Amino acid sequence: GRAHPEFLARADALLCVEHVPAKEVRQDSSGSYEITGMPQQSFLYVSKHPKLITAARRAFLLQPQPSTVCRHPFLGVPLSDAAGFVASADEAAGKKDSLPYISWISAPCYLVDEHDTLDKVDRSRLGSVSQTLAAMIASLMEVRGPL
């Protein structure tokens with residue numbers, strides 16, 4: 001965000017989605033991963049902004065997502081790529097270099113190794129996840145003027 005301040009100057013909010021929908025895995029005795037058949041737990045972080053909270057809530061009511069937990073981020077900064085665009089102290093003060101955000105992230109254990117492959121994506125959930133995201137975006141598009 002700080003590398004491209006022109007984007008921050010024009011943005012009203014940030015929607016960040018990472019590794020959703022991932023499959024849950026567990027390591028077997030050889031250290032390999034086996035797919036459990038369950039969805040990987042994901043976390044939804046929403047800044048304390050009424051319009052973003054409403055957008056996220058509506059989307060999840062219309063299209064519920066399994067294994068998603070809503071959390072208040074530690075120190076007000078979401079544990080995702082959105083963190084670089086968000087400064088928790090500035091958000092409360094309403095400064096422009098801190099964007100209101102919705103950050104939906106899953107962090108499977110294979111995320112940073114050679115097992116992060118396409119077979120770990122639950123393709124059966126892609127439509128459902130897309131509908132949830134589309135509902136969030138539609139709610140945000142209804143907002144007139146800056147958030």
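**Figure 1. Contacts across the chain in the predicted model.** Among contacts between residues at least 6 apart in sequence, 75% join residues at least 24 apart. The model is predicted. The protein chain has four helices and six strands. Read from the N terminus, the order of elements is α-β-β-β-β-α-β-α-β-α. Of the 147 residues in the chain, 37% count as buried.

**Figure 2. The largest nonpolar core.** This core has 15 residues. Leu 44, Val 46, Ile 102, Trp 104 and Met 136 have the most contacts inside it. At least two core residues come from each of β4 (42-46), α2, β6 and α4 (126-142). Leaving out residues up to four places away in sequence, Leu 44 touches Ala 56, Phe 60, Thr 68, Val 69, Cys 70, Arg 71, Ile 102, Ser 103, Trp 104 and Met 136.

**Figure 3. The stacked pair of Phe 43 and Tyr 45.** The structure holds three aromatic pairs. In one of them, Phe 43 and Tyr 45 are stacked. Their ring centres lie 6.5 Å apart, with 20° between the planes. That angle falls under the 30 degrees required for stacking, so the pair is classed as stacked. Tyr 45 is buried, at 7%.

**Figure 4. The edge-to-face pair of Phe 60 and Trp 104.** Here the rings are 5.1 Å apart, centre to centre. Phe 60 belongs to helix α2 (residues 50-62), and Trp 104 to strand β6 (residues 101-106). The pair therefore ties together parts that are 44 residues apart in sequence. Phe 60 counts as buried, with 16% relative accessibility. Trp 104 is buried too, with a relative accessible area of 0%.

**Figure 5. Lys 120 over the ring of Tyr 110.** The charged end of Lys 120 sits over this ring. Its distance from the ring centre is 5.4 Å.

Figure 6. Ser 80 is placed in the loop between β5 (68-71) and α3 (88-93). Is Ser 80 buried or exposed? Its relative accessibility is 13%, and the limit for buried is under 20%, so Ser 80 counts as buried. Which side chain makes a polar contact with the side chain of Ser 80? The partner is the side chain of Ser 103, at 2.6 Å. Setting aside neighbours within four places in sequence, Ser 80 is in contact with Cys 16, Glu 18, Ser 103 and Ile 105.

Figure 7. How many disulfides does a search of the whole structure find? The count is zero. A disulfide is a covalent bond between the sulfur atoms of two cysteines. Two cysteines are picked out here for their accessibility. Cys 70 counts as exposed, at 56% relative accessibility. Cys 109 counts as partly exposed, at 47%. Cys 70 is also one of the residues touched by Leu 44.

Terms used
Residues are numbered from 1 along each chain as its sequence is written. This is a predicted model: local features need pLDDT of at least 70, side-chain atom pairs count only at pLDDT 80 or more; totals for chains, interfaces and linings use all residues. Side-chain values use heavy atoms; hydrogens and water are left out. Rings of Phe, Tyr and Trp (its six-membered ring) pair if their centres lie within 6.5 Å; planes under 30 degrees apart count as stacked, over 60 as edge-to-face and the rest as tilted. Buried means under 20% relative accessible area, exposed over 50%, partly exposed in between (1.4 Å probe, protein chains only). A charge sits over a ring if NZ of Lys or CZ of Arg is within 6 Å of the ring centre and within 35 degrees of the ring normal. A nonpolar core is a set of buried Ala, Val, Leu, Ile, Met, Phe, Trp, Tyr and Cys residues joined through side-chain atoms within 4.5 Å. Contact means heavy atoms within 4.5 Å. A polar contact is a pair of N or O atoms within 3.5 Å; within protein, one must be able to donate a hydrogen and the other to accept it, and residues adjacent in sequence count only if both atoms are side-chain atoms. A disulfide is a pair of cysteine sulfur atoms within 2.5 Å.
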